[in-house]
Amino acid sequence: SQTPSSRRSRFTGVFKNGARWQALIAIQKRKTYIATFDSALDAAKAYDLVSIVLNNYLATTNFDYSKEGILSLITSHAAVL
């Protein structure tokens, strides 16, 4: 069994689950599952997308985004929505 610290990622909302990475976000103080990915980077981008959709310009994200970057993120992770 993995310890909690070994399951954590350097990215907000990203946790190790076996050999894969889960994206989770807090909605009304409850952790909500987004999706599972092969890489922590993809999970972090999915977290960012959901955070932007839910929180608009007040979103907490793992990366800085331009307007074009947000459109690209939406296009590349549309299946998460």
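Phe 11 is buried, with a relative accessible area of 9% (buried means under 20% relative accessible area, exposed over 50%, and partly exposed in between, with a 1.4 Å probe and protein chains only). The residue sits in the loop between helix H1 (4-7) and strand E1. Helices (H or I, at least four residues) and strands (E, at least two) are DSSP runs, numbered from the N terminus. The model is predicted: local features need pLDDT of at least 70, side-chain atom pairs count only at pLDDT 80 or more, and totals for chains, interfaces and linings use all residues. Residues are numbered from 1 along each chain as its sequence is written, and side-chain values use heavy atoms, with hydrogens and water left out.

Which residues does Phe 11 contact, leaving aside its neighbours within four places in sequence? They are Ala 40, Leu 41, Ala 44, Asn 62 and Phe 63, where contact means heavy atoms within 4.5 Å. Phe 11 and Leu 41 lie 30 residues apart along the chain, yet their C-alpha atoms are separated by 8.0 Å.

Ala 40 and Ala 44 are also among the buried residues of helix H2. H2 covers residues 40-55, 16 residues in total. From its first C-alpha to its last, H2 reaches 22 Å, close to the 22 Å expected at 1.5 Å a residue; the expected span is 1.5 Å times one less than the number of residues. Other buried residues of H2 include Tyr 47, Asp 48, Leu 49 and Ile 52. The buried residues of H2 pack against strands E1 (14-17), E2 (20-27) and E3 (30-37), and against helix H3 (67-76).

The three strands form an open sheet in the order E1-E2-E3, with antiparallel pairing. E1 and E3 stand at the edges, each with a single partner strand, so one side of each is left without a neighbour in the sheet. Neighbouring strands are turned by 35° against each other on average, direction ignored. H2 packs on this sheet and touches E1, E2 and E3. The direction of H2 makes about 20° with that of E2. Axes are lines fitted to C-alpha atoms, for helices over the stretch in contact, and angles run from 0 to 180 degrees between N-to-C directions.

Strands pair if DSSP finds at least two bridges between them. Four bridges join E1 to E2. Val 14 has Ala 23 in E2 as its bridge partner, and Lys 16 stands opposite Trp 21 in E2. The hairpin of E1 and E2 has two residues between the strands. There, Gly 18 takes a positive phi near 70°.

Two residues other than glycine also take a positive phi. Lys 29, in the loop between E2 and E3, has a phi near 70°. Lys 29 is exposed, with a relative accessible area of 86%. Asn 56 follows H2 and lies in the loop between H2 and H3. Its phi is near 55°, and at 55% relative accessibility Asn 56 counts as exposed.

How do H2 and H3 meet? They pack at an angle of about 110°, with their axes 10 Å apart. H2 and H3 are therefore roughly perpendicular to each other (angles under 35 degrees count as roughly parallel, over 145 as roughly antiparallel, 65 to 115 as roughly perpendicular and the rest as oblique). In this packing, Lys 45, Asp 48, Leu 49 and Ile 52 of H2 meet Ile 70, Leu 73 and Ile 74 of H3.
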